[in-house]
Amino acid sequence: MDEYDIRQLPRERLVVLIASTTGEGEVPDNMRAFWRFLLRRDLPADVLRALRHACFGLGDSSYAKFNYAAKRLNRRFDQLGSRPLIPIGLGDDQDEPGGLDTALAPWLDRLWSAIDAVVMPLPEGTEIAPCDSLPPARYAVEAVDDAPADADAPKRDAPPPG
């Protein structure tokens, strides 16, 4: 988050926030400047009114302040006028069988569906291809047995046919 120019935030339409909690509920080092900016008292209450956000926390429920950074971040975006695209997701390293992925996978499914429906709706009559489908082939490879071995072979320094 420290690499993002936070002054651009009010111009964004959608932001996806992933935050881990460190120590006793502190924000991670790479979020400190971002977080300090969000806490400024001179920010208008509706500065993020045009923004939709989705927030996922990386945490461990064996700590007292489980996912505290993500919860605070999500709440601050709400306070500044942003509307959640989907409910906050709270990953728990203690979850069985997959740890953080146990909560992340269904949260991502909801996120993609919400993005498709709200932010970038598809034109009528189109649909998203299933994740396990392949696009049509762009090229066909055909074996030719009756051609001389080097007759039509491209030269090594020639560019491939395009």
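Phe-66 is buried, at a relative accessible area of 19%; buried means under 20% relative accessible area, exposed over 50%, partly exposed in between (1.4 Å probe, protein chains only). The model is predicted: local features need pLDDT of at least 70, side-chain atom pairs count only at pLDDT 80 or more, and totals for chains, interfaces and linings use all residues. Residues are numbered from 1 along each chain as its sequence is written, and side-chain values use heavy atoms, without hydrogens or water.

Phe-66 sits in the loop between strand 2 (52-59) and helix 2 (68-79). Helices (H or I, at least four residues) and strands (E, at least two) are DSSP runs, numbered from the N terminus. Leaving aside residues up to four places away in sequence, Phe-66 touches Leu-90, Gly-91 and Asp-92, among others. Contact means heavy atoms within 4.5 Å.

Helix 2 comes next. Its buried residues are Ala-69, Ala-70, Leu-73, Asn-74, Arg-76 and Phe-77. They lie on the same side of helix 2, because their arc around the axis is only 160°, taken from the directions from the helix axis to the C-beta atoms. They pack against strand 1 (14-20), helix 1 (32-38) and strand 2. Gly-81 follows helix 2, with a positive phi near 95°.

Ala-103 belongs to helix 3 (residues 101-119). Ala-103 is buried too, at 18% relative accessibility. Its contacts, beyond residues up to four places away in sequence, are Phe-56, Leu-90 and Gly-91.

Two C-alpha pairs:

| Pair | Apart in sequence | C-alpha separation |
|---|---|---|
| Phe-66 and Glu-24 | 42 residues | 9.0 Å |
| Ala-103 and Asp-92 | 11 residues | 7.4 Å |
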